[in-house]
Amino acid sequence: MPKTNARHDATDDPRPVRQRLIDSAEALFSEHGWNSVGIRTIAAHANVSLAALNYHFGSKEKLLGELFANRARHIVAERDRRLDAVMASGDVTLEKVIAAYLHGALSYEMQTGFGGRAFCKLRARLSVESEGLSRSIMSDAFDASGRRYLDVLKSLLPDLPEHDLFWRFHFLLGAMTYTMADSGRIQALTQGRCDSSDMQEALRQMVPFVAAGFRAPRADP
């Protein structure tokens, strides 16, 4: 078999090759986890040479970083847009702020089909991995937006101690992440009456649930 030029690899346009690698990495990482997928597997899935992967990204770490940054940018932009709209409306409620935060993440899946679902599952996997790289990528992508929402929540719940507020936001993240993982548990428990892939229904149910948690009496000392 003749050697393939690392710049092109079956096409004269390097962008499709680059995008194929990103899409393949996203699909594989979301299904099997970061640690279980090697660069040869990614290259084979994308139907490109290992040299092409090295040319475009240099390493699995850089590929993951670009993949995550590109996808997360859309989620953060949607969160910011929705929060701006809530704040400008003059009717800022706990439910509306929570809905804006959750919708930014869960609507990405609804709007982008399979690619959105793959990224949501990947994000859920990275959220629970202890590896420093995964945590660094998550922090770089979402911390600034998260702190902005925390400031608004703090203003809406002035009597809630900051320590309790942080924990309740942590539980919000847990509910959101587990829902994005689409484990299928609710289908099994309800014998198909509920579907964890129905993100519209998940949003409808999660907003009042999370709001009630934020409004609950403070934890005992």
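**A walk through the core and its aromatic rings**

The largest nonpolar core in this structure has 57 residues, and I42, I98 and F214 are the ones with the most contacts inside it. Keep in mind that this is a predicted model. Helices that give two or more residues to the core include α1 (14–32), α2 (39–46), α4 (60–89) and α9 (199–215). The biggest contribution comes from α5, with twelve residues. Domain 1 (14–58) and domain 2 (72–215) both supply residues, so the core lies between them.

Let's zoom in on I42. Leaving out residues up to four places away in sequence, I42 touches L21, S24, A25, L28, F29, V37, L53, K60 and L63. K60 turns up in another spot too: K60 lies over the face of W34, at 4.1 Å from the ring centre.

Now for the rings themselves. The count comes to five aromatic pairs. One of them is Y101 with Y149, edge-to-face at 4.9 Å centre to centre and with 75° between the planes. Y101 belongs to helix α5 and Y149 to helix α6, so this pair ties together parts that are 48 residues apart in sequence. Y101 also pairs edge-to-face with F169, at 5.3 Å centre to centre and 65° between the planes. That pair links α5 to helix α7, where F169 lies, across 68 residues.

Together, Y101, Y149 and F169 make one aromatic cluster. Are its members buried or exposed? Y101 is buried at 4% relative accessible area, Y149 is buried at 1%, and F169 counts as buried at 8%.

Methods. Residues are numbered from 1 along each chain as its sequence is written. This is a predicted model: local features need pLDDT of at least 70, side-chain atom pairs count only at pLDDT 80 or more; totals for chains, interfaces and linings use all residues. Side-chain values use heavy atoms; hydrogens and water are left out. A nonpolar core is a set of buried Ala, Val, Leu, Ile, Met, Phe, Trp, Tyr and Cys residues joined through side-chain atoms within 4.5 Å. Buried means under 20% relative accessible area, exposed over 50%, partly exposed in between (1.4 Å probe, protein chains only). Helices (H or I, at least four residues) and strands (E, at least two) are DSSP runs, numbered from the N terminus. Domain bounds come from an automatic or database domain assignment. Contact means heavy atoms within 4.5 Å. Rings of Phe, Tyr and Trp (its six-membered ring) pair if their centres lie within 6.5 Å; planes under 30 degrees apart count as stacked, over 60 as edge-to-face and the rest as tilted. A charge sits over a ring if NZ of Lys or CZ of Arg is within 6 Å of the ring centre and within 35 degrees of the ring normal.
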